[in-house]
Amino acid sequence: MSRIFINYRRAGGAYAAALLDELLSRQFGADQIFRAARSLHPGADYSDEIFSAAMNCAAMLVLIDEGWADCFESDDSDSSTSDSWAAEEIEAAIKNTQIVIPVLLSGARFPTIERLSGRIARVARLQYLRFDYRNTRQDVEFISEWIDSLCPQVKRVRDRSV
């Protein structure tokens with residue numbers, strides 16, 4: 001079972017999610033990272049697999065891109081299917097008392113609790129980390145250090161100096 005779940009919106013965070021997946025895989029091993037676009041196998045029931053991974057992860061990294069809060073301001077039916085999945089993944093992790101870590105991407109502002117719908121408003125109260133395109137190595141190392149600290153069951157596979 002993957003221990004680190006990367007939650008993202010396809011519209012704004014897909015490239016950052018893929019890069020973060022690649023960099024964290026070097027630190028912890030690809031089998032320890034869950035990113036739906038890479039981790040789901042052909043023929044798998046994506047609903048079952050995604051919710052199982054969200055509920056059983058050691059930590060969920062919620063990637064907050066520039067338009068993230070706009071998509072979760074209300075429970076409107078206007079939100080896209082991928083945004084709905086992102087919200088449901090977060091909700092499942094919170095409900096299952098998993099560690100949820102917001103990760104603020106380049107150019108994004110952290111959302112206020114007033115802007116988010118009831119089901120994921122808690123994200124606005126959580127301390128966040130940054131993942132900026134100008135500092136990817138440093139930011140990934142910092143994220144990895146926090147994962148080490150908060151999730152001792154997740155072990156690195158490479159020397160930290162790499």
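The legends below describe an overall view and close-up views of a predicted model.

**View 1. Overall fold of the predicted protein, with six helices and five strands.** Followed along the sequence, the secondary structure elements occur in the pattern β-α-β-α-α-β-α-α-β-β-α. Among contacts with a separation of 6 or more, 76% are accounted for by residues 24 or more positions apart.

View 2. When residues up to four places away in sequence are left aside, Ala69 touches Pro111, Arg115 and Leu116. For one of these residues, Arg115, the C-alpha atom is separated by 6.6 Å from that of Ala69, although the two residues are 46 residues apart along the chain.

**View 3. A nonpolar patch on the surface, formed by Phe142, Trp146 and Leu150.** Together, the three residues of this patch have about 280 Å² of accessible area. Trp146 is found in helix H6, which covers residues 136–150. With a relative accessible area of 36%, Trp146 is partly exposed, because this value lies between the limits of 20% for buried and 50% for exposed residues.

Methods. Residues are numbered from 1 along each chain as its sequence is written. This is a predicted model: local features need pLDDT of at least 70, side-chain atom pairs count only at pLDDT 80 or more; totals for chains, interfaces and linings use all residues. Side-chain values use heavy atoms; hydrogens and water are left out. Helices (H or I, at least four residues) and strands (E, at least two) are DSSP runs, numbered from the N terminus. Contact means heavy atoms within 4.5 Å. Patches are made of residues with over 30% relative accessible area and no salt bridge: like charges are joined within 9 Å, nonpolar side chains (Val, Leu, Ile, Met, Phe, Trp, Tyr) within 5 Å. Accessible areas come from the Shrake-Rupley method with a 1.4 Å probe; for residues, only the protein chains shown count as cover. A salt bridge is a side-chain nitrogen of Lys or Arg within 4 Å of a carboxyl oxygen of Asp or Glu. Buried means under 20% relative accessible area, exposed over 50%, partly exposed in between (1.4 Å probe, protein chains only).
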